[in-house]
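Please study the sequence and the structure before reading each solution.

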Amino acid sequence: MLILIPCLLIGCSGKCVADGVEKTEEAKLQEQTMTDEQQIIAEFEKFQQAMIDKDTAYLRTCLGKNVRHMSGKVETTDDWLAEVESGVMNYYSYKIKNARVSISGDTETLDCDTELNAKVYGVKGVWTLPSHSTYKKTTGGWKMTPAEF
């Protein structure tokens, strides 16, 4: 299943013009409005892209003290981020499949299968990993809650 996330029009003050045509206030609002489910999936995609981009500063904001590998190995977040930075862990692309979002008040969970194209510890492959993440509603939108292992 391919999930398309609409682009957000951010930072538009005054008149917004696309292809020479000014957008109505209603059109601008529709572009800025995403469902909770779309926001959660966009946050998860942001995390996946940060792994590809080696954006360890952002990754650190999403993670707890430890991370768990697909093998079940638990390691400190600091050690894993060092491996990401050094190229021991290389992530190339991802696909989200079978996304299921559950809402309970100001907490949401995302369960999905993530097809990850990566080279880890010298082994290149494409792995389909079950993914589970939790999000908390904040004034800035939905934010990933660090898992603890």
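On a 1 Å grid over the protein atoms alone, a pocket is an open set of points where a 1.4 Å probe fits, with protein on both sides within 12 Å along at least five of seven lines, and lining residues have an atom within 4 Å of a point. The model is predicted, so local features need pLDDT of at least 70 and side-chain atom pairs count only at pLDDT 80 or more, whereas totals for chains, interfaces and linings use all residues. Residues are numbered from 1 along each chain as its sequence is written, and side-chain values use heavy atoms, with hydrogens and water left out.

**Exercise 1.** Determine how many residues line the largest pocket and which lie nearest its centre.

Solution. Step 1: the lining consists of 34 residues, and Arg-68, His-69, Met-70, Leu-129 and Pro-130 lie nearest the centre.
Step 1: helices (H or I, at least four residues) and strands (E, at least two) are DSSP runs, numbered from the N terminus. The elements that each supply at least two lining residues are helix H2 (36–53), strand E3 (66–68), E5, E6, E7 and strand E8 (141–145). The largest share, seven residues, comes from E7.
Step 2: by class, the lining has 21 nonpolar residues (Ala, Val, Leu, Ile, Met, Phe, Trp, Tyr, Cys or Pro), two charged ones (Asp, Glu, Lys or Arg) and eleven polar ones (the others, Gly among them).

**Exercise 2.** State which residue forms a salt bridge with Arg-60, and which elements the pair joins.

Solution. Step 1: a salt bridge is a side-chain nitrogen of Lys or Arg within 4 Å of a carboxyl oxygen of Asp or Glu. The partner of Arg-60 is Asp-78, with the closest N and O atoms 2.6 Å apart.
Step 1: Arg-60 lies in helix H3 (residues 56–62) and Asp-78 in helix H4 (residues 77–86), so the pair ties together parts that are 18 residues apart in sequence.

**Exercise 3.** Decide whether Lys-97 and Glu-115 are buried or partly exposed, and describe their contact.

Solution. Step 1: their side chains meet in a salt bridge at 2.9 Å, N to O. Lys-97 lies in strand E5 (residues 89–104) and Glu-115 in strand E6 (residues 107–120), so this pair ties together parts 18 residues apart in sequence.
Step 1: buried means under 20% relative accessible area, exposed over 50%, and partly exposed in between (1.4 Å probe, protein chains only). Lys-97, at 30%, is partly exposed, while Glu-115, at 18%, is buried.
Step 2: Lys-95, Lys-97 and Glu-115 are linked in a network of salt bridges.
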